Amino acid sequence: MTPGPARPMAAALAEGTLVLDGGLSNQLEAQGCDLSDALWSARLLADGPGQIEAAHTAYVRAGAQVLITAGYQASYEGFARRGIGRDEADGLFARSVELARRAAGTVDRDVWVAASVGPYGAVTADGAEYRGRYGLTVGELERFHRPRVEALAAAGPDALALETVPDMDEARALLRVVGDYGLPVWLSYTVAGDRTRAGQPLDEAFALARGHDEVIAVGVNCCDPADAEAAARTAVRATGKPAVVYPNSGEHWDAASGAWTGGATFDPGQVEAWQRAGARLVGGCCRVGPAETGEIAAARCDAAGETARGSRPG
């Protein structure tokens, strides 16, 4: 296994802001990959791992300090539908971490690897992560997530990214699971305005993370950039923890047609407003690429509030 960074992510967050990568899928598509399979980018863990490593490397070279792995849509159930047994699936979960770790090792600075724990709705591949309310109990969601988290934790990431969570019930289930593995985590909801995608008030949703010492940041991802700053303020106020913010491009996913619609509104210059709102993990999600990551890295402020403009990590 490629060595990890010299200091824990929580210690780095205490010193300043860390730049997340952008959307893995859009970079893979830019490299010519076909992601039409229900496993999405997770298919390439088996069929094209070199493409995933190259995508991670593009973000590292652009200035990303945290890489999110390709496990978002990975599950034992999804792998089984492609004839991949449990032992092989274990290896693919581990590979997702190692590919990011190898890309991190291509630069001479600390780069952290966060293992993606996507929502149940991602595995259904029908846009359910933008609706929530799956009709499952908290216990059923806990039983779904636990084996995935266990496999990812065994691979030795620096953190777990509980991301694109649409529903408080799923957040409850995930928080029940992750406390058993001794890894730092962040919890990020996908939101619409001041509510989760399932319609719950954000202050209540974020407050679930209070009292969970393993949670090092709380916030939003894969949302409209216009919703990010207010959500970050709410997250900090509700939890007393740093915020994590990585919205998508501002375009909207149409699950029925399998296409993005509308125009892009993502502005890397917004990172300073996110930081003023309490964000310490900042980046982009779907349709935000290495170019924007580089601009975020150049625009962010350090812990003393001085801009890092012009001093992008190499």
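Helices (H or I, at least four residues) and strands (E, at least two) are here DSSP runs, numbered from the N terminus. This is a predicted model, in which local features need pLDDT of at least 70 and side-chain atom pairs count only at pLDDT 80 or more, while totals for chains, interfaces and linings use all residues. Residues are numbered from 1 along each chain as its sequence is written, and side-chain values use heavy atoms, with hydrogens and water left out.

**The whole chain**

Along the principal axes, the C-alpha atoms fill a box of roughly 50 × 40 × 40 Å.

If you colour by accessibility, buried residues make up 59% of the 314 residues; buried means under 20% relative accessible area, exposed over 50%, and partly exposed in between, with a 1.4 Å probe and protein chains only. The accessible surface comes to about 11,800 Å², of which 46% belongs to carbon and sulfur atoms; such areas come from the Shrake-Rupley method with a 1.4 Å probe, and for residues only the protein chains shown count as cover. Among contacts (heavy atoms within 4.5 Å) between residues at least 6 apart in sequence, 75% join residues at least 24 apart.

**Two loop residues with positive phi**

Select Arg133 next, in the loop between helix H7 (120-124) and helix H8 (138-154). Arg133 has a positive phi of about 50° although it is not a glycine, and with a relative accessible area of 47% this residue is partly exposed.

Then move to Arg287, which lies in the loop between strand S12 (279-282) and helix H13 (290-299). Phi of Arg287 is also positive, near 70°, in a residue other than glycine, and its relative accessible area of 37% makes Arg287 partly exposed.

**Aromatic pairs**

Now show the side chains of Phe, Tyr and Trp: how many aromatic pairs does the structure hold? There are seven aromatic pairs, where rings (for Trp, the six-membered ring) pair if their centres lie within 6.5 Å, and planes under 30 degrees apart count as stacked, over 60 as edge-to-face and the rest as tilted. Select Phe79 and Phe93, whose ring centres are 5.8 Å apart and whose planes are at 75°, so the pair is edge-to-face. Because Phe79 lies in helix H5 (residues 76-81) and Phe93 in helix H6 (residues 86-104), the pair ties together parts that are 14 residues apart in sequence. Both Phe79 and Phe93 are buried.

Select residues 168-178, helix H9, where eight of the 11 residues are buried, so the helix is largely enclosed by the rest of the structure. Among them are Met168, Glu170, Leu174 and Val178. Asp167 caps the N-terminal end of H9, with a side-chain oxygen 2.9 Å from the backbone nitrogen of Asp169.

Continue to Leu183, found in the loop between H9 and S5 and buried, with a relative accessible area of 14%. Leaving aside neighbours within four places in sequence, Leu183 is in contact with Ala153, Pro157, Asp158, Leu160 and Glu214.

**A buried arginine**

Finish at Arg43, in the loop between helix H2 (24-30) and helix H3 (44-47). Is Arg43 buried or exposed? Arg43 is buried, with a relative accessible area of 16%, and, not counting residues up to four places away in sequence, Arg43 touches Asp34, Asp37 and Arg82.

Notes:
Polar contact = N/O pair within 3.5 Å; in protein donor to acceptor, adjacent residues only side chain to side chain.
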